[in-house]
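The report below describes selected packing and strand-pairing features of one model. Please read it alongside the sequence and the coordinates.

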Amino acid sequence: MPFQLPAVVESDALLLREPTADDATALFEAMLGDAESTRTLSFARHRHVDETLAYIETARRAAQAGTRRTWLIVDKASGALAGMIDMGISLPRVEVGAMISKRGGTRRRKSSLQALRKLIDWTLEQPGVYRVYATCAANGDAHSAMERLGFVREALLVNHEAQPNTGRAAADHFLFARTRPCVAQPDVPPAQAQAVRWLDTVFGDDIERAIELARRAQAAPAPAPSAPSADQVVALDDICGFDDEGMPIFRPVGALA
């Protein structure tokens with residue numbers, strides 16, 4: 001099954017859930033329409049709640065396509081929005097972005113960072129994910145939290161993104177990442193890989209037994225002119241011989257010997 005991000009994440013204090021149209025006004029007022037929260041973002045601050053509605057719809061479609069997931073960080077005690085997290089999937093890497101509401105207070109910001117840390121930890125443990133990364137505006141304050149989230153600063157990206165809310169056509173960003181080792185898989189010769197796939201289709205997981213049966217059938221004397229056994233049918237109809245590595249050579253059923 002392809003890697004999928006969860007739709008809901010919950011901690012003792014916070015609920016991370018996907019935004020809906022009903023969240024548009026609160027999201028606009030708490031973050032996307034707030035000048036300070038959006039100061040160093042790569043898109044312009046929303047001027048009207050309709051822009052936030054369009055943003056939520058775009059996030060919904062990306063989640064359906066399996067390419068990106070967006071969560072609102074909701075304070076469970078008050079129901080207020082404490083922030084927002086999004087992750088873009090392009091395996092083996094996942095890009096993470098986050099906004100913490102400037103109106104949330106110190107307690108909510110700390111809880112939001114703890115929830116983000118746990119979500120990143122979980123993501124990096126998933127099959128196929130070997131890199132989680134983020135870029136942070138060099139003239140912003142988000143990069144100060146990256147090391148606390150376990151990230152390593154890899155580079156300074158000069159003139160990386162526009163910053164329309166500060167009037168910059170291009171602004172520098174820091175590149176942060178967390179990675180885990182990827183053990184290289186041994187190369188499998190194409191002929192052997194084809195044989196294994198065929199045997200797996202016919203015999204399920206018992207590949208070694210299937211190869212042994214084929215070898216015995218190949219070495220057995222010619223059968224008497226009577227109904228062949230199941231093992232012999234495999235040898236007569238599908239296996240022409242063995243290559244230099246001892247792997248069976250296949251032919252279509254019914255082909256001439």
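## Strand pairing and a buried helix

The bridge partner of glutamine 163 is arginine 168 in strand 8, where strands, like helices, are DSSP runs numbered from the N terminus (E, at least two residues, for strands; H or I, at least four, for helices). This is a predicted model, in which local features need pLDDT of at least 70 and side-chain atom pairs count only at pLDDT 80 or more, while totals for chains, interfaces and linings use all residues. Residues are numbered from 1 along each chain as its sequence is written, and side-chain values use heavy atoms, with hydrogens and water left out.

Strand 7 and strand 8 form a hairpin with 4 residues between them, and glycine 167 in the turn has a positive phi of about 80°. Strand 8 also pairs with strand 6, and there valine 132 stands opposite arginine 178; two strands pair if DSSP finds at least two bridges between them.

| Strand pair | Bridges and direction |
|---|---|
| Strand 6 (residues 131-137) and strand 8 (residues 168-179) | 7 bridges, antiparallel |
| Strand 7 (residues 152-163) and strand 8 | 7 bridges, antiparallel |

Threonine 52, found in helix 2, is buried with a relative accessible area of 0%. Leaving aside neighbours within four places in sequence, threonine 52 is in contact (heavy atoms within 4.5 Å) with Ala24, Leu27, Phe28, Leu32 and His46.

Notes. Buried means under 20% relative accessible area, exposed over 50%, partly exposed in between (1.4 Å probe, protein chains only).
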